[in-house]
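This briefing covers a few local features of one chain.

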Amino acid sequence: NGNGELEIATSPDGVNVVVALQSRRWVSSNDGGATFPNSGRIGQGNGDPSVAWGQSGKFYQAYIDNSGSCGNGIYLNPVVAPDLFPPAGPDPTPNGMDCTGFARSDDNGVTFNTNVVNPAVVCIGSAPSGSPPNPGECFPDQEHIAADRWNPGDTANDDQVYSTWRDFDQFDQDAAIVCSSDSGVTWTAP
């Protein structure tokens with residue numbers, strides 16, 4: 001019932017706890033797990049939740065976003081988006097987009113916001129019903145995130161966050177990784 005594939009992250013003192021669940025859901029506690037009064041659902045899409053805590057005190061959550069519209073992440077199809085963003089004109093993504101959706105909590109896991117971050121990666125094409133996807137399409141599956149607990153990001157208020165995934169394309173399923181040094185706002189190339 002959408003409760004599988006659990007991941008958990010805690011602050012170093014164990015007071016703040018976030019549990020990510022299937023279906024983009026999360027629950028959190030600010031009393032060391034005695035109660036879990038905070039909960040919600042983020043973004044659109046489904047699957048493979050991942051959660052991390054960064055040294056700035058922010059929590060991060062990632063998930064498969066197969067909503068068809070993923071915003072400004074790092075595009076994995078250089079033919080469609082050589083400058084990392086979709087070109088103007090006719091829709092270059094007739095089959096939609098899939099991405100590693102991303103959300104951030106700046107309040108110890110009480111709420112998560114997708115408007116202050118961008119997807120880690122964006123693939124052109126809809127989630128494959130089988131493998132491999134069509135030529136020029138890909139699918140970022142089984143994503144996992146980690147936040148660096150020792151090295152700060154660009155500023156003292158930023159974290160370095162890493163996202164890795166299995167990159168399904170028409171040829172194979174290579175692993176890939178990207179990094180954000182500004183708490184999920186921008187990402188490196190894979």
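Two strands are taken to pair if DSSP finds at least two bridges between them. The model is predicted. On that basis, strand 3 pairs with strand 2 and with strand 4.

**Strand pairing**
- Strand 2 (residues 17-21) and strand 3 (residues 25-29) run antiparallel, with 5 bridges between them.
- Leu21 has Arg25 of strand 3 as its bridge partner.
- The hairpin of strand 2 and strand 3 has 3 residues between the strands, and Ser23 there adopts a positive phi near 70°.
- Strand 3 also pairs with strand 4 in the antiparallel sense, over 4 bridges.
- Val27 stands opposite Ser39 of strand 4.

**Pro49**
- Pro49 sits in the loop that links strand 4 (38-41) and strand 5 (50-53).
- With a relative accessible area of 4%, Pro49 counts as buried, because the cut-off is under 20%.
- Beyond its neighbours within four places in sequence, Pro49 contacts Glu5, Glu7, Ala20, Leu21, Gln22, Ala62 and Glu143.
- Gly4 is 45 residues from Pro49 along the chain, and their C-alpha atoms are 9.3 Å apart.

**Aromatic residues**
- The count of aromatic pairs is 3.
- In the pair of Tyr60 and Phe102, the ring centres are 5.9 Å apart and the planes lie at 35°, so the pair is tilted.
- Tyr60 belongs to strand 6 (residues 59-65) and Phe102 to strand 8 (residues 97-105), so the pair ties together parts 42 residues apart in sequence.
- Tyr60 and Phe102 are both buried.

Conventions. Residues numbered from 1 in each chain as written. Predicted model: local features only at pLDDT ≥ 70, side-chain atom pairs only at ≥ 80, totals over all residues. Heavy atoms only, no water. Helix = DSSP H or I, 4+ residues; strand = E, 2+ residues; numbered from the N terminus. Buried < 20%, exposed > 50% of the residue type's maximum accessible area, 1.4 Å probe, protein only. Contact = heavy atoms within 4.5 Å. Phe/Tyr/Trp six-rings, centres within 6.5 Å; stacked < 30°, edge-to-face > 60°.
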